[in-house]
Amino acid sequence: MDNVAPEVSSFMSLAASVSYGIASMAMVFINKAVLMEYVHSMTLLTLQQLATTLLIHFGRVYGYTKARGLESKTAKKLLPLSLFYNANVAFALASLKGVNIPMYIALKRLTPLAVLVAGVFTGKGHPSVQVTLSVLLIGLGVIIAALGDFSFDLFGYSMALSSVFFQTMYLVLVEKSGAEDGLSSVELMFYNGFLSLPFLIFLIIATGEFPHSLTVLFEKANSFTFSIILILSLLMGIVLNFTMFLCTTVNSALTTTIVGVLKGVVSTTLGFVLLGGVDVHVLNVTGLVINTAGGIWYSYAKYQQKRSIPRKTSVDVESNHR
């Protein structure tokens, strides 16, 4: 049995990474499509979290999942994770209203830099020369691309960079929570959704979105196309949450950011031709190419680094509850 475990673990690792990459890429385009017609991003996020929480709750009630129920001690411990997660998504959605997809992806590609910096402060050590240079190349690409971005939106850029910070914080917390508390991906999703709702409901009221956002939503629901896109957004919110938590708990926070970098190559290319909003300029394209090259180099450097470290057999956190 010991000879089989590493093979199963490798398959789980690959499957989790690929599924997260696909879900993450799809979610960017679906959210952008929704926000082009419905600007109330906080209400959209609230609906996504409500759908996730209700699905898992009824899944538990009818026996479709073996996830444990809520425990006050665990909920209190995971509250910071939930706050960072929702701050990340809220700022990301806000940035998508003013930033085109290629530039949004380029800015979000700075997340590995933030994760590495966080790793230094949490005792994970200093990055290698290759990793450092690749991250600097990513940053240089963002600066050059921004100089050639005719649709430059200071508010959108600020929102995207804020999202990078909060994404880093919750990825580090997810990795720690999954490893230390033995929580499954579904349980992390349920706690996150449940703890998010009071915070999000307060925000949509405080920002003035509610109740106008619901009135607009009901009006938009008369459009079959919009309804389909909205339903896809709610479903993909669930899929993205699950694959993100699974990838981070089975692999690591750093692996999750690497997957994000790689899927960004495809997303950037598609972003030039889908949904519009991109004014092509030589600096913009050059910067995005440099940014993407830095992302690929970064992923390769981390892969080489991981191969040089003796492999440890990882445990599927779901198996703790079977």
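The largest nonpolar core in this predicted model has 73 residues. Those with the most contacts inside this core are Leu-45, Leu-78, Met-103, Tyr-104, Met-244, Phe-245 and Tyr-298. Helix α10, which spans residues 224-250, gives the most to the core, with 11 residues. In soluble globular proteins, nonpolar side chains tend to be buried together.

**Fold**
- The protein contains 12 helices and 0 strands.
- Its pattern along the sequence reads α-α-α-α-α-α-α-α-α-α-α-α.
- Of the contacts between residues at least 6 apart in sequence, 89% join residues at least 24 apart.

**Burial and surface**
- The protein has 322 residues, and buried residues make up 50% of them.
- Its accessible surface comes to about 15,600 Å².
- Carbon and sulfur atoms account for 71% of that surface.

**Salt bridge**
- The structure holds 1 salt bridge, in which the side chains of Glu-187 and Arg-68 meet at 3.2 Å, N to O.
- This pair links distant parts of the chain, with the two residues 119 apart.
- Glu-187 lies in helix α8 (residues 185-206), while Arg-68 sits in the loop between α2 (41-61) and α3 (72-96).
- Glu-187 counts as buried because its relative accessibility is 1%, and the cut-off for buried is under 20%.
- Arg-68 has a relative accessible area of 34%, so Arg-68 is partly exposed.

Note on methods: Residues numbered from 1 in each chain as written. Predicted model: local features only at pLDDT ≥ 70, side-chain atom pairs only at ≥ 80, totals over all residues. Heavy atoms only, no water. Salt bridge = Lys/Arg side-chain N within 4 Å of Asp/Glu carboxyl O. Helix = DSSP H or I, 4+ residues; strand = E, 2+ residues; numbered from the N terminus. Buried < 20%, exposed > 50% of the residue type's maximum accessible area, 1.4 Å probe, protein only. Core = buried A, V, L, I, M, F, W, Y, C linked by side-chain atoms within 4.5 Å. Contact = heavy atoms within 4.5 Å. Areas by Shrake-Rupley, 256 points an atom, 1.4 Å probe, with all protein chains shown as cover.
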